[in-house]
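Hello,

Here is the structure you asked for. Have a look at it first, then read my notes below.

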Amino acid sequence: MSVSVRIPTQLRTLTAGKGEVEVEGSTVGAALKALDAGHPGFAERLFDEGGNLRRFVNVFLADEDVRFLDGLETPVSAGQTVSIVPAVAGG
Amino acid sequence: MNYVIGLRCRECGRHYPAEALHVCDFCFGPLEVAYDYERIAATISPESIAAGPRTIWRYRDLLPVDDDAPVDLGAGFTPLLRADRLAAELGLGELWIKNDTANPTGSFKDRVVSVALTKARQLGFKVAACASTGNLANSVAAHAARAGMASIVLIPEDLERAKVTMTAVYGGTVIAVRGSYDDVNRLCAELTSEHPSWAFVNVNVRTYYAEGSKTLAFEVAEQLGWRAPDHVVVPIASGSQLTKVAKGFSELVKVGLLEHQAVRVSGAQAEGCSPVATAFANGADAISPVKPSTIAKSLSIGNPADGWYALDAIRRSGGSCAAVTDAEVLDGIGLLARTEGIFAETAGGVTIATLAKLAASGDVRRDECVVALVTGHGLKTVEALSDTVGPTVTINPSLGDFDAALGEDLLIEEAR
């Protein structure tokens, strides 16, 4: 199903400047993998060697941190928005 | 004189120019200001510092921006007070309170904002913005007014009333967000991508902003007669302040202002928001985010950006980290007020209550020179105390009423 992924400035070089990309996927992880398939380079920025999200990458589904949900396994529904946000902010 | 070489990613070491950048494009790690310490060491001295203003700008050689007319309300050089009466209550020896309630808008945030907006103005920004738990909002709104910049401040809607008033009075835009600070922070991180012409002090100019907290360490060392304390107790929200206080002491050694000396750094959190204290207690390497619920709203960051670095600084220095209940926070505020005449906000209550806890457990020792950072003024969070503090008694204006209500108590008080 189709979901939107919001891209932070730091990664827009991978999307030709676009701040939002539509991808197919039934979980957050699948959506991010689909993002990498369409725009190579995302996976190495977002995931460590073990396939987990890097320490300084936060991912939100409909404004909720996926770490409070089921992480990358969190199911997504059509029309929802996944946001990639650098963790280093605030305080 | 500017001694900044550029920015460097703390994680992967990639280099960047000294612009409005806060995270590494490659690994998202935080960018840090890189200085030419050899050149600083060649010029800086206790005398050169003493000749500067009685503000954070006396340490300008060790700050990331140099400006003859900084955006300045007089932040810093706050009192370092020997706290013998509090020390006696806690069974400690040489104890000092760094009273950062004495800053222009009543919290340590004036240090970081003065640095951030001075740099932002040099970079050409006309709008100052931030995500805030309150103290930063106060300071950004005030400093932006001073600099003639527009301000856009985003806060959680449930903030203490004084913090909202102390922000809105400066005439900027104040946006109350239905959600927690972490929600506000995420929104601001996204807004930064959409509004690159705004200087979000704790997002896109965070690299410079965070450096302002080093001045706490610089002042403590100078006020102790160019001597490092043995142990510092610092409250933790994002973890940035603690990390930068530790960095500040190590920089003073690097530039030759201090003999090499290990400073133990300990962290203080409220139990209702203690992701760093929990990771410390569990021996964990990762910080698990939490949903905050505590009266210490200025420390209510459930997903602390520098939590991991704070944990690392605590462990490497041989410090400790603990969390206290809201009841203990109120006791801490009362204890500091009663023994030393300093009225702290809830975050200060967290620091004092944690100090008490660490003193009782032996983690903070009687033979150490200890400094506790009290970083915000009590007037900002008066509601927290409204159920516990009030008039001793209410009487009619007559001598008879006075004596009936208080006479004997006062005799006892005088006899003490």
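The contact takes 30 residues from chain B and 22 residues from chain A. Here two residues are in contact if their C-beta atoms, placed from the backbone, lie within 7 Å. On the side of chain B that touches chain A, helix 7 of chain B gives the largest share, seven residues. By class, that side of chain B has 15 nonpolar, nine polar and six charged residues. (Ala, Val, Leu, Ile, Met, Phe, Trp, Tyr, Cys and Pro count as nonpolar; Asp, Glu, Lys and Arg as charged; the others, Gly among them, as polar.)

A word on conventions. This is a predicted model, where local features need pLDDT of at least 70, side-chain atom pairs count only at pLDDT 80 or more, and totals for chains, interfaces and linings use all residues. Residues are numbered from 1 along each chain as its sequence is written, while chains are lettered from A and ligands numbered from 1 in the order in which they are written. Helices (H or I, at least four residues) and strands (E, at least two) are DSSP runs, numbered from the N terminus.

Next, the sheet. Four strands of chain B form an open, parallel sheet in the order 8-7-6-9. (Two strands pair if DSSP finds at least two bridges between them.) Strand 8 (173-177) and strand 9 (198-200) of chain B are at the edges with a single partner strand each, so one side of each has no neighbour in the sheet. The twist averages 20° from one strand to the next. (Axes are lines fitted to C-alpha atoms, for helices over the stretch in contact; angles run from 0 to 180 degrees between N-to-C directions.)

Strand 6 (residues 127-131) and strand 7 (residues 150-156) of chain B are joined by five bridges. Ala129(B) stands opposite Ile152(B) in strand 7 of chain B. Helix 7 (residues 181-194) of chain B lies across strands 6, 7, 8 and 9 of chain B, at about 145° to strand 7 of chain B.

Last, a helix pair. The axes of helix 13 (residues 326-340) and helix 14 (residues 346-361) of chain B come within 7 Å and cross at roughly 90°. That makes helix 13 of chain B roughly perpendicular to helix 14 of chain B. (Angles under 35 degrees count as roughly parallel, over 145 as roughly antiparallel, 65 to 115 as roughly perpendicular and the rest as oblique.) Their contact has nine nonpolar, four polar and two charged residues.

Best wishes
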